[in-house]
Amino acid sequence: MAHSEDELRRPNDPLPPGAVLRLYSMRMCPYAQRARLVLAAKKVPYDRVNVDLNNKPDWFFDINFYGEVPVIIHNGKNIFESLICAEYLEEAFPEPKLYSSDVYQRALERIYFNHWTKKGIPAFYSLLKAGHLDLELAERLDQHIGKMEEFLKTASTPYFNGTKPGFSDYMIWPWFERIPMLGKITDYEMSSEKFPLLTVWVSQMWKDPVVQECKIDPELFIQHYIQYRTGRPDFTIGASKPKGIPEALENLDGLRDPATRDRQSKK
């Protein structure tokens, strides 16, 4: 009998036949999508468990004290934080290699996705939280998208990894997949005139089978973030029996309100 992605399973529960690890995820989470992209690229069979971040069991804090996704359970060990999970998968399952074999190129790739993580992602969420085309926030996002455009121009390659999608591309991609959804909510548009290289990159990434395998339903996408903005996030959206609960808007990366973020019972 097939396991449902929305059936909550504990870390020590047996893996389905053929699976080599368990990934705790959330359907709309771009951070968890990083791990899913790497797993798909390496064709690693795994057990995906979507967590309702509004109703996390206490044991979930035992495998990630932040109470966030993604979390990987592999060989009885737990790994968390999206970039750390992705790096772990790259090393634990070395084929196909997603990083460049050149040490300097690997350093550049880390510069690319670390800039996007530190600067681009906060700018993305600031505009999304505003819920309208705030010109100052849009300019801030443009600035950091512009830096990614500069990186591609300097690299003189179609992808951040080189001639094909690789580690850095997959670490950056989830938010570029979401930019059209951002536009539905705020009227923001990533200009093809301002960012011609990134526009081509996005088009080429959509042709990648890995991206196609891990893509998110765009309608659910929009519904999820509209609900997020109203302070009523539904982390089970798309599941067979979704059950959203009212909750104050804290931020846009899957954390709970501070009053309810931690364990609900004390050890």
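Strands S1 and S3 run antiparallel and are joined by 3 bridges, where strands and helices are DSSP runs numbered from the N terminus (E, at least two residues, for strands; H or I, at least four, for helices), and two strands pair if DSSP finds at least two bridges between them. This is a predicted model, in which local features need pLDDT of at least 70 and side-chain atom pairs count only at pLDDT 80 or more, while totals for chains, interfaces and linings use all residues. Residues are numbered from 1 along each chain as its sequence is written, and side-chain values use heavy atoms, with hydrogens and water left out.

**The sheet**

- The 4 strands form an open sheet of mixed pairing, in the order S2-S1-S3-S4, and its edge strands, S2 (46-50) and S4 (77-80), each pair on one side only.
- Neighbouring strands of this sheet are turned by 20 degrees against each other on average, with direction ignored.
- Strand S1 (residues 21-25) runs parallel to S2 and is joined to it by 5 bridges; within this pairing, serine 25 has asparagine 50 of S2 as its bridge partner.
- On the S3 side, arginine 22 stands opposite isoleucine 73.
- S3 and S4 pair in the antiparallel sense over 4 bridges, with histidine 74 standing opposite lysine 77 in S4.

- Helix H3 (residues 82-92) lies across S1, S3 (71-74) and S4, and runs at about 125 degrees to S4.

**Contacts among the helices**

- The axes of helix H5 (residues 135-155) and helix H7 (residues 196-205) come within 8 Å and cross at roughly 85 degrees, which makes H5 roughly perpendicular to H7 (65 to 115 degrees; angles under 35 count as roughly parallel, over 145 as roughly antiparallel and the rest as oblique).
- Ile145, Met148, Glu149, Leu152 and Lys153 in H5 meet Pro196, Leu197, Leu198 and Trp201 in H7, contact meaning heavy atoms within 4.5 Å.
- By class, this contact of H5 with H7 has 7 nonpolar, no polar and 2 charged residues.
- Glutamine 105, found in helix H4 (residues 103-130), touches Ser100, Phe160 and Asn161, not counting residues up to four places away in sequence.
- Glutamine 105 and alanine 155 are 50 residues apart in sequence, and their C-alpha atoms are 9.6 Å apart in space.

**The chain as a whole**

- The protein chain has 9 helices and 4 strands, and of its 267 residues 53% count as buried.
- Among contacts between residues at least 6 apart in sequence, 65% join residues at least 24 apart.
- The accessible surface comes to about 12,900 Å², of which 53% belongs to carbon and sulfur atoms, as given by the Shrake-Rupley method with a 1.4 Å probe.

Notes: Axes are lines fitted to C-alpha atoms, for helices over the stretch in contact, and angles run from 0 to 180 degrees between N-to-C directions. Ala, Val, Leu, Ile, Met, Phe, Trp, Tyr, Cys and Pro count as nonpolar, Asp, Glu, Lys and Arg as charged, and the others, Gly among them, as polar. Buried means under 20% relative accessible area, exposed over 50%, partly exposed in between (1.4 Å probe, protein chains only).
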